[in-house]
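Hi everyone, thanks for coming. I'd like to walk you through one structure today, a few residues and helices at a time. Let me put it on the screen.

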Amino acid sequence: MRTIRYTAAVATIIMSLLNLPIALDDGGNGIPTPVAWLISLLGIVGIVAAIALLRSAAWATPVVITIGALNLISAVVALVQSWDGAAIGLVLSAVGTGLALTYALGRPAKAQRTS
């Protein structure tokens, strides 16, 4: 499970790094400024969540899945709009989301205390 967790985190970090510069340069795609800033913010949150996933923080897995799903939706929109990098974003988002889901479903549930 550790390899799956690490690979999900790496895919999320790479995708998040690709999201960071969108606020400053959208590559001529005409992304509205508020949306571009939200994409860059998504990149920052993605990096934080991926690092937390590497450190096995309890909250990290659902956040990485959410970040991946948002990136996946964005990649599909970018693909429809024929924007540069859409295919790369689609693959990285699918890999990160799929591996994070695999990790979430495959890890053992923590035993709950009965009082």
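Let's start at Asn19, which sits in helix H1; helices here are DSSP runs of H or I, at least four residues long, and strands are E runs of at least two, numbered from the N terminus. Before we go further: this is a predicted model, where local features need pLDDT of at least 70 and side-chain atom pairs count only at pLDDT 80 or more, while totals for chains, interfaces and linings use all residues. Residues are numbered from 1 along each chain as its sequence is written, and side-chain values use heavy atoms, leaving out hydrogens and water.

So, is Asn19 buried or exposed? Asn19 counts as buried because its relative accessible area is 6%, and buried means under 20%, exposed over 50%, and partly exposed in between, with a 1.4 Å probe and protein chains only. Not counting residues up to four places away in sequence, Asn19 touches Ile39, Ser40, Leu42, Gly43 and Asn71, where contact means heavy atoms within 4.5 Å.

That brings us to helix H2, residues 33–54. Among the buried residues of H2 are Ser40, Leu42 and Gly43, and the cover over its buried residues includes H1, H3 and H4. After H2 comes Ser56, with a positive phi near 65°.

Leu41 also belongs to H2, but it counts as partly exposed because its relative accessibility is 45%.

Now on to helix H4, residues 86–106. Which residues of H4 are buried? They are Ala86, Gly89, Leu92, Ser93, Gly96, Thr97, Ala100 and Tyr103. These residues cover an arc of only 140° around the axis, so they lie on the same side of H4; the arc is that of the directions from the helix axis to the C-beta atoms. Here is the background: an α-helix has 3.6 residues a turn, so residues three or four places apart point the same way. Covering the buried residues of H4 are, among others, helix H1 (2–19), H2 and helix H3 (60–80).

And the other face? Turned away from the buried side of H4, we find the exposed residues Val91 and Leu105. Val91 counts as exposed because its relative accessibility is 53%.
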